[in-house]
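Me: I have a structure to read. Can you take me through it?

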Amino acid sequence: MTCYDRRDLGLLLLRLGTGGVLAAHGAQKLFGWFGGHGLEGTGQFMESVGYVPGRASATAAGLAETGGGTLLALGLATPAAGAAAAGAMTGAAAVHKPNGFFAQEGGYEYAATLGLAAAGLAVAGPGRLSLDHALGHVFDRGWMVPVALGVTAVATAVVVGARNARMRQKVEGEQEVLFED
């Protein structure tokens, strides 16, 4: 019989808490559950903060949060799940960054905390109280961690970078021509 240690129990609690919050957060976007606005309302919001097209952005964020959170809670495909959730939270943090760090001021504290917890779980692994462990870690190989985090980092940098460029252009407006031919 296997004896579970403090690390396994700690990882289980961290996975259930972080994964549950992320899954609920994503379900607000995808389905309008828990007081959310669903894809239509979230898509409109995403457009307003520079993520275009809005509905596709809402779908991607909702799937990364709901799917990543559910998989984290289950301890299944932990590297990919943690990376996907961390990427989505990086996108959320970019929206809140102008408000500073603390959530009480509308800052990115909440998004950063969820993102770092998800990334930490991707790196640390799910522990023995997980589906990954029960399945022999077929979806949780060591090489998957840097690949999942690397691919997500590149995709997130492209998406957030394009969003930030759109927001800068919106604030600065179109540049007028200095010299005419």
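Reply: Start with a definition: two residues are in contact when heavy atoms lie within 4.5 Å. Keep in mind that this model is predicted. Among contacts in the protein chain between residues at least 6 apart in sequence, 67% join residues at least 24 apart.

Me: How many helices and strands does the protein chain have?

Reply: The protein chain has 7 helices and 0 strands. Along the sequence, the pattern reads α-α-α-α-α-α-α. The C-alpha atoms fill a box of roughly 80 × 35 × 30 Å along the principal axes.

Me: What share of the residues is buried?

Reply: Buried means under 20% relative accessible area. Of the 181 residues in the protein chain, 39% are buried. The accessible surface is about 10400 Å², and carbon and sulfur atoms hold 66% of that.

Me: How is a pair of aromatic rings described?

Reply: By the distance of the centres and the angle of the planes. A search of the whole structure finds 4 aromatic pairs. One of them joins Trp-33 and Phe-34, with 6.3 Å centre to centre and 90° between the planes. Planes over 60 degrees apart count as edge-to-face, and the pair of Trp-33 and Phe-34 is edge-to-face.

Me: Are Phe-101 and Phe-102 exposed or partly exposed?

Reply: Phe-101 is partly exposed, at 37% relative accessible area. Phe-102 is exposed, at 51%.

Me: Which residues do ring pairs link into a cluster?

Reply: Phe-31, Trp-33 and Phe-34.

Terms used:
Residues are numbered from 1 along each chain as its sequence is written. This is a predicted model: local features need pLDDT of at least 70, side-chain atom pairs count only at pLDDT 80 or more; totals for chains, interfaces and linings use all residues. Side-chain values use heavy atoms; hydrogens and water are left out. Rings of Phe, Tyr and Trp (its six-membered ring) pair if their centres lie within 6.5 Å; planes under 30 degrees apart count as stacked, over 60 as edge-to-face and the rest as tilted. Buried means under 20% relative accessible area, exposed over 50%, partly exposed in between (1.4 Å probe, protein chains only). Helices (H or I, at least four residues) and strands (E, at least two) are DSSP runs, numbered from the N terminus. Accessible areas come from the Shrake-Rupley method with a 1.4 Å probe; for residues, only the protein chains shown count as cover.
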